[in-house]
Amino acid sequence: MNYRELLKKQIIFFFKLLVLTLFVFGIHYYIFFSFFSEIELGLPLWLVYAVHFVLVYAIFTIINYRYRKGKTEIFNVFMVGTILKMVLVIFFLLPLILSDQKNKIPDVLNFFLPYFIFLGFEVYSIFTFFQKK
């Protein structure tokens, strides 16, 4: 694959991820503030989605870059990236976990429900990216 094709795939992935982020955030925001507005969150929803967006985009970019350099075995890169993402998630949630907030379950659910949606999108995108060689 040449540089232009991979750059095109990167830009297409960016816009797909952006649309997914805005769509899921919009639904999440509407449901949460329509039905659960009395619950006070320790982590703002926009920050949760920004973190997910950045992490997924960074992993896809690294995989795309490695593939452009001729490294076709990217499974290890994906696994290391996913493990690194999990460690970063723990550091991101650590202030919440250590806080004096009484009910942490809504924050944890508000973080991990989108986490799995983004993980599924990431796996699907990487799978289709390399399936079209």
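A crossing of two helices is left-handed if the near helix is turned anticlockwise from the far one by less than a right angle, and right-handed if clockwise. Helices (H or I, at least four residues) are DSSP runs, numbered from the N terminus. The structure is a predicted model, in which local features need pLDDT of at least 70, side-chain atom pairs count only at pLDDT 80 or more, and totals for chains, interfaces and linings use all residues. Residues are numbered from 1 along each chain as its sequence is written, and side-chain values use heavy atoms, with hydrogens and water left out.

**Helix packing**

Two packed helices are described by the angle between their axes and the distance between the axes. Axes are lines fitted to C-alpha atoms, for helices over the stretch in contact, and angles run from 0 to 180 degrees between N-to-C directions.

| Helix pair | Angle between axes | Axis distance |
|---|---|---|
| α1 (residues 3–35) and α2 | about 160° | 10 Å |
| α2 (residues 45–68) and α3 | roughly 160° | within 10 Å |

The angle makes α1 roughly antiparallel to α2, a term that applies to angles over 145 degrees. Helices α2 and α3 are likewise roughly antiparallel to each other. Helix α1 passes α2 in a right-handed crossing, and the crossing of α2 and α3 is also right-handed.

**Salt bridge**

Side chains of opposite charge can pair when their charged atoms come close. The whole structure contains 1 salt bridge, defined as a side-chain nitrogen of Lys or Arg within 4 Å of a carboxyl oxygen of Asp or Glu. Its partners are Lys85 and Glu122, whose closest N and O atoms are 2.6 Å apart. Lys85 belongs to helix α3 and Glu122 to helix α4 (residues 105–131), so the pair ties together parts that are 37 residues apart in sequence. Lys85 is buried at 4% relative accessible area, and Glu122 is buried at 0%; buried means under 20%, exposed over 50% and partly exposed in between (1.4 Å probe, protein chains only).

Ile83, Leu84, Val87, Leu88, Phe91, Leu94, Ile97 and Leu98 form a nonpolar surface patch with about 760 Å² of accessible area together. Patch members have over 30% relative accessible area and no salt bridge, and nonpolar side chains (Val, Leu, Ile, Met, Phe, Trp, Tyr) are joined within 5 Å. The areas come from the Shrake-Rupley method with a 1.4 Å probe. Leu94 lies in helix α3 (residues 75–98) and is partly exposed, at 31% relative accessibility.

Phe25, in helix α1, is partly exposed at 23% relative accessibility. Phe25 and Leu45 are 20 residues apart in sequence, and their C-alpha atoms are 7.7 Å apart in space.

Note on methods:
Patch = residues over 30% accessible without salt bridge, like charges linked within 9 Å, V, L, I, M, F, W, Y side chains within 5 Å. Helix = DSSP H or I, 4+ residues; strand = E, 2+ residues; numbered from the N terminus. Parallel < 35°, antiparallel > 145°, perpendicular 65-115°, else oblique.
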